[in-house]
Amino acid sequence: MPTQTPRDATRTLDQAAFVAQLRRLADALESGRKFEVRVAGKRVYVPARAEFSIEHERAGDDEELEFQLRWSAAPGSPPL
């Protein structure tokens, strides 16, 4: 199986677009479907089996809250 190229991309959204993405994500999770989103020109497919976490970071006066979804390709399956 080909190795994926490392990637670290960010997509900045206004509040309305961010809320819309969160709603689409919640709908996909509740119905057990994969979630699809475009980030920096690439489509990302998050499988329903993804693991979820919330991370909080603080450095000086800056704080960050990340809602994270993490997954690996299932053995023997093609990349999503």
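The legends below describe close-up views of one predicted protein model.

Residues are numbered from 1 along each chain as its sequence is written, and side-chain values use heavy atoms, with hydrogens and water left out. Because the model is predicted, local features need pLDDT of at least 70 and side-chain atom pairs count only at pLDDT 80 or more, while totals for chains, interfaces and linings use all residues.

**View 1. The elements of the protein in order.**
The secondary structure comes to one helix and four strands. Helices (H or I, at least four residues) and strands (E, at least two) are DSSP runs, numbered from the N terminus. From the N terminus on, the order is α-β-β-β-β. Of the 80 residues in the protein, 12% are buried. Here buried means under 20% relative accessible area, exposed means over 50%, and partly exposed lies in between (1.4 Å probe, protein chains only).

Helix α1 covers residues 15-31, which is 17 residues. The distance from its first C-alpha to its last is 24 Å, close to the 24 Å expected at 1.5 Å a residue. The expected span is 1.5 Å times one less than the number of residues in the helix. The buried residues of α1 are Gln-21, Leu-25 and Ala-28. They lie on the same side of α1 because they cover an arc of only 65° around the axis. This arc is that of the directions from the helix axis to the C-beta atoms. On the face turned away from the buried side, α1 carries the exposed residues Gln-15, Ala-16, Arg-23 and Glu-30.

Strand β1 spans residues 35-39, and strand β2 spans residues 42-46. These strands pair in the antiparallel sense over five bridges. Two strands count as paired if DSSP finds at least two bridges between them. One example is Val-37, whose bridge partner in β2 is Val-44. The hairpin has two residues between the strands. Ala-40 is found in this loop, and its phi is near 50°, a positive value in a residue other than glycine. Most residues other than glycine have a negative phi.

**View 2. A salt bridge between Glu-36 and Arg-43.**
A salt bridge is a side-chain nitrogen of Lys or Arg within 4 Å of a carboxyl oxygen of Asp or Glu. By this rule the count comes to two salt bridges. In one of them, Glu-36 is joined to Arg-43, and the closest N and O atoms are 2.7 Å apart. Glu-36 counts as partly exposed because its relative accessibility is 28%. Arg-43 is also partly exposed, with a relative accessible area of 45%.

Pro-47 is found in the loop between β2 and β3. Its relative accessibility is 7%, so Pro-47 counts as buried. Phe-35 is 12 residues away from Pro-47 in sequence, and their C-alpha atoms are 6.5 Å apart in space.

**View 3. The hairpin of β3 and β4.**
Strand β3 (residues 51-59) pairs with strand β4 (residues 62-70) in the antiparallel sense, over nine bridges. Two residues lie between the strands of this hairpin, and Gly-60 takes a positive phi near 65°. The bridge partner of Arg-58 in β4 is Glu-63. The side chains of Arg-58 and Glu-63 also meet in a salt bridge, at 3.7 Å from N to O. Both residues, Arg-58 and Glu-63, are exposed.

**View 4. A nonpolar patch on the surface.**
Ile-54, Leu-65 and Phe-67 form this patch, which has about 350 Å² of accessible area in total. Patches are made of residues with over 30% relative accessible area and no salt bridge; like charges are joined within 9 Å, and nonpolar side chains (Val, Leu, Ile, Met, Phe, Trp, Tyr) within 5 Å. Accessible areas come from the Shrake-Rupley method with a 1.4 Å probe, and for residues only the protein chains shown count as cover. Phe-67 lies in strand β4. Phe-67 counts as exposed because its relative accessibility is 55%.

**View 5. Trp-71 and Phe-52.**
Trp-71 is in the segment after β4. With 32% relative accessibility, Trp-71 counts as partly exposed. Trp-71 and Phe-52 are 19 residues apart along the chain, and their C-alpha atoms are separated by 9.1 Å. Phe-52 stands opposite Leu-69 in β4.
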